[in-house]
Amino acid sequence: KDLRPPVISLALSPGSGLFMAILVQMTITGKSFVGGNMGIALAANLTASSRLWQDAAGVPRFRCRNCHITLVSPQSSAPTRNLHARFSHTFLVALQLCPAVDAVLNLVNAKFTTMISEVPLGTAGTLRCALLNPPMMSETFIELDLETILHQKEGKEVNLPMDQPSLTSLTPKRDAATQLILSANFLGAELSILQASFNLDISNNMVLGLPPLVTTMLGALIPEISRVLPPSQPVVIEMREVKASVVTTTPDKSFVQLFSTAEFWVSPSDCSP
């Protein structure tokens with residue numbers, strides 16, 4: 001009875017990894033085999049430290065370095081002191097808290113493993129990440145410096161400039177938040193793979209909430225069209241990218257410039273487009 005939720009404390013250890021403390025409290029009652037009732041209030045304190053490192057594949061990993069369990073202020077109404085001591089030892093063995101720590105770290109490591117999995121960029125190519133440098137650990141955050149590898153759909157790797165942004169010039173990190181920093185070079189390279197995806201043939205079925213995409217609407221904007229084309233004919237706009245996109249980033253905003261041509265096609269019923 002009186003099984004309390006565990007109290008878990010976590011702290012980052014600069015230059016090493018993660019420190020955790022777990023307090024488990026419960027009261028066990030029953031009848032003793034030597035007669036009478038037995039009641040034991042147990043509190044076990046687990047302390048463990050883990051190291052964050054980088055494996056050969058470039059994936060961050062947590063590894064438990066040491067784990068200790070101690071009883072905290074045990075109280076007993078058991079008939080004999082020896083019974084209490086034996087039961088307390090059995091309780092510590094049965095809890096298996098240290099193997100549970102390993103199991104939790106394995107779950108976290110499984111999340112890290114997805115970092116090196118290839119991510120499809122639609123049908124245009126793939127993106128894969130790996131650690132460029134060993135993880136950096138401070139008292140308040142973990143910093144992971146990632147290397148991004150872009151491949152076109154033909155398998156050709158996209159060359160990325162190696163210049164890195166200065167972390168000292170970035171805006172301060174917010175408390176209790178994950179901050180993802182992407183360079184303009186990476187965004188520009190990713191858009192270059194997706195460049196063909198910006199080629200569109202826009203028809204009236206694609207334009208929602210606007211007047212019908214017909215020659216009459218275009219004639220209101222460009223009077224010359226009204227004199228050349230018959231009214232109320234459906235229009236198709238061909239948008240084609242002509243050069244790579246340009247990405248500009250600042251601490252507050254990011255800008256993407258797309259360069260394209262636009263050709264307007266009309267298909268009257270009595271002549272060719």
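Which strands do the buried residues of helix 3 pack against? They pack against strand 7, strand 10, strand 11 (157-158), strand 13 and strand 14 (254-266). The model is predicted. Its chain has five helices and 14 strands, and 27% of the 273 residues count as buried. Among contacts between residues at least 6 apart in sequence, 53% join residues at least 24 apart.

**Helix 3**

- Helix 3 covers residues 184-193.
- Its buried residues are Phe 186, Gly 188, Ala 189, Glu 190, Leu 191 and Ile 193.
- Strand 7 and strand 10, both described below, are among the elements that these buried residues pack against.

- Strand 7 spans residues 125-131, and five of its seven residues are buried, so the strand is largely enclosed by the rest of the structure.
- Cys 129 has a relative accessibility of 16% and therefore counts as buried, the limit being under 20%.
- Strand 6 (residues 119-120) runs antiparallel to strand 7 and is joined to it by two bridges.
- Within this pairing, Thr 126 of strand 7 stands opposite Pro 120.
- Strand 6 and strand 7 make a hairpin, with four residues between the two strands. Gly 122, in the turn, has a positive phi of about 65°.
- Strand 10 (residues 146-152) is also antiparallel to strand 7, with seven bridges joining the two.
- Leu 127 has Leu 150 of strand 10 as its bridge partner.
- In general, side chains in a regular strand alternate between the two faces of the sheet.

**Disulfide and other cysteines**

- The structure contains one disulfide.
- This disulfide joins Cys 67 to Cys 98, with an S to S distance of 2.0 Å.
- The link between Cys 67 and Cys 98 is left-handed, at -90° about the S-S bond.
- Cys 67 belongs to strand 4 (residues 60-71) and Cys 98 to helix 2 (residues 97-113), so the pair links distant parts of the chain, 31 residues apart.
- Cys 64 is partly exposed, at 22% relative accessible area.

**Aromatic pair**

- A search of the whole structure gives one aromatic pair.
- The pair consists of Phe 62 and Phe 112 in a tilted arrangement, 6.1 Å centre to centre with 40° between the planes.
- Phe 62 is in strand 4 and Phe 112 in helix 2, 50 residues apart, and the pair links these distant parts of the chain.
- Both residues count as buried, Phe 62 at 11% relative accessibility and Phe 112 at 17%.

**Salt bridges**

- Two salt bridges are found in the structure.
- In one of them, Arg 61 pairs with Asp 55, and the closest N and O atoms are 3.2 Å apart.
- Asp 55 has a relative accessibility of 16%, so this residue counts as buried.
- In the salt bridge of Arg 240 with Asp 201, the closest N and O atoms are 2.9 Å apart.
- Arg 240 is in strand 13 (residues 235-249) and Asp 201 in strand 12 (residues 200-202), so this pair ties together parts that are 39 residues apart in sequence.
- Arg 240 is partly exposed, at 29% relative accessible area, and Asp 201 counts as partly exposed at 40%.
- In general, side chains of opposite charge can pair when their charged atoms come close.

**Surroundings of Ser 49**

- Ser 49 lies in strand 3 (residues 37-54) and counts as buried at 12% relative accessibility.
- The side chain of Ser 49 makes a polar contact of 3.1 Å with the side chain of Asn 66.
- Leaving aside residues up to four places away in sequence, Ser 49 touches Leu 18, Phe 19, Arg 63, Cys 64, Arg 65 and Asn 66.
- Cys 64, one of the residues touched by Ser 49, is the partly exposed cysteine described above.

Methods
Residues are numbered from 1 along each chain as its sequence is written. This is a predicted model: local features need pLDDT of at least 70, side-chain atom pairs count only at pLDDT 80 or more; totals for chains, interfaces and linings use all residues. Side-chain values use heavy atoms; hydrogens and water are left out. Buried means under 20% relative accessible area, exposed over 50%, partly exposed in between (1.4 Å probe, protein chains only). Two strands pair if DSSP finds at least two bridges between them. A salt bridge is a side-chain nitrogen of Lys or Arg within 4 Å of a carboxyl oxygen of Asp or Glu. A disulfide is a pair of cysteine sulfur atoms within 2.5 Å. A polar contact is a pair of N or O atoms within 3.5 Å; within protein, one must be able to donate a hydrogen and the other to accept it, and residues adjacent in sequence count only if both atoms are side-chain atoms. Contact means heavy atoms within 4.5 Å. Rings of Phe, Tyr and Trp (its six-membered ring) pair if their centres lie within 6.5 Å; planes under 30 degrees apart count as stacked, over 60 as edge-to-face and the rest as tilted.
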